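Please take a moment to look over the sequence and the structure shown below, and keep both at hand while you read the explanation that follows.

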Amino acid sequence: MTSTEIELHQLIPDDLPDGIALVREAKERAKAIPVGRSKGVEVRRADSDRAFKERCRDTGRLTTYINLGYKTWAETRDALDEITAAGERRGFTLDRFSLVSDRRMGLPPEMRDEALGETGIMMYTEADWVGAARDTDVEPEWNDHGVATPGGIATTESAIRAGFGYIGDFAEFNRYSYPGWYDDAEQMIRGVQAASMIAQKRNDGVVLNSFIEDGYCSSFHDLATSLGWSMFQCYVAEDLIGAAHAQSYGSTFSDPIRKQAFGLAMDAINVDRVPPTFVHGDTNGLVGEDFDRNAVIVAADVMYTIARELKHPTGAAMHATPVSEPIRIPTVDELVESLVIVSEAEKRVRACPDIIDWRPIYEMRDQIIQGGRQVFRNLLDGLGKIGVKTDDPLQLMLATRRLGAGAIEDLFHAGEPDSSFPRGFKPLVASDTLGRLLERKSAVLARLRVDGPLPDLRDVKVVTAGTDVHEYALHILTQALSACGAEVINLGINTTSPDIAKVVVETAADSVAVSTHNGMALSLGRQLKKELDARRVNPRVFMGGRLNEDLEHQEAADVRPMLRAEGIVPCDTVEEMIEHLRHRPTDTGVHNHPIVH
Ligand code: B12
């Protein structure tokens, strides 16, 4: 695809309101919203969370951060109390936490009850919001399912009133979707309005937050594209909307040189020097249940970040990923362990600050910056040529959302053409995401080939779908099934059970493969079976990802046995599903072929 093949009406509907006027009006309305003050800011005798972070940056004090994904504010507060008490005993300080929310928080309040509950917190009342800001000294921030969502205006107002200093996640505008909500233009309109409300509070120290890997940056194959995209986000958030905008990164980086080089490149484009909220620990490099191995990966990762932060301070808080990350929301003990790792790592790095040779890191930083500038120019010029108004934040947000991460990188990348790479160009600085995808795909294919040629699935017609934002497994799944000759109808990420069932009928597929990660696998499986039954089709149903759910007497329970009882085949690996298909088992208790009446 080239940008000349894209027509403006595919990206921008005729009746889209003027984004510039939308910003102005939302700022005007936001004047009436009072800005709260958190207890953390008071205790630290700062004017705002941002001012506190700037002070830490300028005085060389490192701060710490955790994600907290429990169900209610009461549960979260108790966990925070336990963690801070452990800190007093074990010699660490926790400075800030993010409330990792249930995806339903992204829906307008009146739609939240209808959607399936997932992992994460629900803020039910204003008292919950005020509690998060006032019941604890630890500074709260709001990221997921906030600003850039259909329910973003209500969430943003509650967060401002309560005294949250960093409110996000602006980066989610381009990818996050919400069950039952199909109007992407309206979602972007609300996103622009919510971001503008935060922009209006700029002089009160309120910051619009982006965690770039929640958005497109977790999909790009080149770090130059990620930097160019981050420059684009700055352009929209700062230049066009007028917000103080912070961008954090880190979860998809495993290689320390790439990670620190990218961090320095992000610092170089941070012209207003707004402290990023955190540098996230590596989450993608941790695998399985070998927590000892994960602890070493986590410690090494955070040591390099600490070294970079001490040498080139940005004000970002340090985050070590809990060792149980691949499996579930961490327990309090696992969070405490992550903070002990940060505090020990800090001591060790401070004791030998010159242990790192920074030259290759600076060299890579410069390559990323140069490529990033080119991507940013390509992107704005390209959108302009299609006819998108490049000074209108709403048009830019909607157009790039409709294009998608893959097309953006295909069209506007910086590297030279090279068909041996998946996107047809050679990345200037390949991302770890690309490395991992290639590695995982070839590992799966190698395992499938172990007894000879790839299994022959030419008579299989399968609908594949992801139910949330996680895309890597779906990618590997579809590639492996296609390599075996199956006909794959891939619905992509963010699909719902009715979408899937509808396509099964339309395509007369004999199998369905669903990848789901957000902690509602049983409800989802049952809902999907119901939708299929209602349409009187009976394909084989496979599910994989994180097959857990909070049940009445057990949190994050393994629901695989219950899925089996529903006639669904739970799979830990792609190979397992292919094995089933190869042997055409009937042990699922379902017919092999759809019955369409
Ligand atoms: C990367 C990641 C993200 C990225 C996704 C980026 C992207 N572009 O895809 C980002 C940062 C955006 C993200 C967001 C969220 N994430 Co996340 N994420 C992960 C992470 C680190 C890796 C998952 C992954 O892709 N692994 C690589 C793939 C290849 O491996 P896999 O998923 O295990 O899949 C393999 C097998 O399971 C199997 N498989 C998977 N699906 C299927 C399907 C079939 C049919 C078959 C046969 C096999 C199969 O085959 C695959 C290949 O071997 C995990 C933690 C971890 N280290 O695993 C958390 C994790 C999955 N995320 C989690 C959560 C909660 C979320 C959020 C809901 C947080 C929030 N409240 O906002 C959001 C999702 C919001 C939304 N809108 O949906 C939780 C899930 C918790 C749980 N269920 O108990 C995890 C476990 C982290 C944690 N410990 O809390 N996440």
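How do the residues of the shell around the ligand divide into nonpolar, polar and charged? In this predicted model, the shell is made up of 17 nonpolar, 15 polar and eleven charged residues. Helix H17 gives the largest share of the shell, four residues, while H17, strand S11 (511-516), strand S12 (540-545) and helix H21 (574-583) each supply at least two.

Among the 43 residues around the ligand, those that come nearest are Ser101, Glu325, Arg328, His470 and His517. His470 sits in the loop between strand S9 (461-466) and helix H17 (472-483), and its NE2 atom, at 2.3 Å, is the only protein donor of the cobalt atom of the ligand.

Now turn to Asn143, which is found in the loop between strand S3 (139-142) and helix H7 (152-162). Asn143 counts as buried because its relative accessible area is 4%, under the 20% cut-off. Its side chain makes a polar contact of 2.6 Å with the side chain of Asn209, and Asn143 also touches residues including Tyr65, Asp169 and Phe278.

Finally, the largest nonpolar core has 115 residues, of which Phe164 and Phe170 touch the most other members. Beyond its neighbours within four places in sequence, Phe164 is in contact with several residues, among them Leu99, Trp129, Trp142 and Val206.

Note on methods:
Residues numbered from 1 in each chain as written. Predicted model: local features only at pLDDT ≥ 70, side-chain atom pairs only at ≥ 80, totals over all residues. Heavy atoms only, no water. Core = buried A, V, L, I, M, F, W, Y, C linked by side-chain atoms within 4.5 Å. Buried < 20%, exposed > 50% of the residue type's maximum accessible area, 1.4 Å probe, protein only. Contact = heavy atoms within 4.5 Å. Polar contact = N/O pair within 3.5 Å; in protein donor to acceptor, adjacent residues only side chain to side chain. Donors = N, O, S within 2.8 Å, 3.2 Å for Na, K, Ca; no water. Near = heavy atom within 4 Å. Nonpolar A, V, L, I, M, F, W, Y, C, P; charged D, E, K, R; others polar.
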